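Open the model in your viewer and keep the sequence panel beside it.

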Amino acid sequence: MVKTHSDIDLALFIEQALLNPFLTPEQLEQGCEEADRFHFATVCVYPSQVEQSAKLLHGRSVKVCTVIGFPSGATTPAVKLYEAQEAVEHGATELDVVINLGWLRAGMTKELHRELAEICEATDCLVKAILEMTLLTEAEKRLAVEVCLDAGVRFLKTGTGWAGGARVEDVRLLSQLVQEQVGIKAAGGIRTAEHALELILAGATRLGTSRGPDILHQRNTSEP
C-alpha cells in the first residue's frame, strides 16, 4: 500500500542530530530529553558524547547513534575501527560511518569494502554508510551502493549535511537500487515537515535532522 502524508508518524523516522561542536553536557541532556519526549528513533551524537547519551536514555526507546570518520571519511581504517568499537563499548547501537570518498573515486573498491566490512563484523552493530550523494557522479553512486551492500551495511545515508542537503531524487535513486534490502537515511537541510514527508514518500526510512521538534510542530499545526 502506498503511504500518504496522513499515514506517516514523522517522529518515528527522526534521528535528532546533536552535532553542534559547541554542544555542552547540559544541552546534550536537553536534546536527549526532547528525543525521549517526542519518541524519536535515535539521537545522533559525536563519539565523545555517546557515554552520557547512553546513560540518559537507558531504558528508553530512543537509540544512541554516533558518527565515525566524520565528516571527511578520510581517517585510516584502523582509526575508524577503533572509534567504532569504543563507541559501541560506551553504549552506541547505531554507527553512521563516512565512506572514504577518495577511494571510491579512485575505484579502490577492495579497500572500501574491507574497511566497512571490518566495522560491521567487529561491532555487530547497525551500520549506516554515509555516501555524500551531492558530490558523486551517477556511476559513483551506483558503485558505492554495490560495495556498501556487499560489505554488510544495514543503511545507506545520503550525506553528512556538510556538502549539501538531502535531495528527493537521491533518495528515490537509492530506493530503486536497494529494493528494500537496507534502510535509507536522508540527512542534511531537513527543516520543514513538507520536505521530511517528501523524502519519506521517496523511500527514506530515517531522517537525520537537528530540527525534529520544529518539524513535528509544523506538522501538528498544519493538520486540520
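## Stop 1: strand S7

Select S7: Gly183, Lys185 and Ala187 point to one side of this strand, Ile184 and Ala186 point to the other, and all are buried. Buried means under 20% relative accessible area, exposed means over 50%, and partly exposed is in between, with a 1.4 Å probe and protein chains only. Because 5 of the 5 residues of S7 are buried, the strand is largely enclosed by the rest of the structure. Strands here are DSSP runs of E with at least two residues, helices are runs of H or I with at least four, and both are numbered from the N terminus.

Before moving on, note that this is a predicted model, in which local features need pLDDT of at least 70 and side-chain atom pairs count only at pLDDT 80 or more, while totals for chains, interfaces and linings use all residues. Residues are numbered from 1 along each chain as its sequence is written, and side-chain values use heavy atoms, with hydrogens and water left out.

## Stop 2: the barrel

Two strands count as paired if DSSP finds at least two bridges between them.

Now show every strand. In the order S1-S2-S3-S4-S5-S6-S7-S8, 8 strands close into a barrel with parallel pairing. From one strand to the next the twist averages 25°. Helix H9 (residues 212-222) packs on the sheet, where it touches S1 (14-18) and S8, and its direction makes about 140° with that of S1. Contact means heavy atoms within 4.5 Å; axes are lines fitted to C-alpha atoms, for helices over the stretch in contact, and angles run from 0 to 180 degrees between N-to-C directions.

Go to S1 and S2, which pair in the parallel sense over 4 bridges. Here leucine 18 stands opposite valine 45. In S2 (residues 42-45), Thr42 and Cys44 point one way, Val43 and Val45 point the other way, and all are buried.

## Stop 3: the pocket and the cavity

Rolling a probe the size of a water molecule over the atoms shows where empty space is left. On a 1 Å grid over the protein atoms alone, a cavity is a set of points where a 1.4 Å probe fits but cannot get out; a pocket is an open set with protein on both sides within 12 Å along at least five of seven lines; lining residues have an atom within 4 Å of a point. Grid points are joined across faces, edges and corners, and a volume is the space filled by probe spheres set on the points.

Select Ala17, Thr160, Gly161, Gly188 and Ser210: of the 21 residues that line the largest pocket, these lie nearest its centre. Strands S7 (183-187) and S8 (206-209) are the elements that give two or more residues to this lining. The pocket holds about 400 Å³ of space.

How many cavities of 30 Å³ or more are there? The count comes to 1. The largest cavity has about 50 Å³ of space, and its lining includes Glu132, Arg167, Asp170 and Ala187.

## Stop 4: helix H7 and its end

Select H7 (168-178). Its buried residues are Val168, Asp170, Val171, Leu173, Leu174 and Val178, and they pack against helix H6 (138-151), S6 (155-157), S7 and helix H8 (193-202). Glutamine 179, in the loop between H7 and S7, has a positive phi of about 50° although it is not a glycine. At 58% relative accessibility, glutamine 179 counts as exposed.

## Stop 5: two more backbone features

Most residues other than glycine have a negative phi, and most peptide bonds are trans. Select aspartate 124, in the loop between helix H5 (109-123) and strand S5 (126-130): its phi is positive, near 50°. Last, select phenylalanine 70 and proline 71, which are joined by a cis peptide bond with omega about 0°. Proline 71 lies in the loop between strand S3 (63-68) and helix H3 (77-89).
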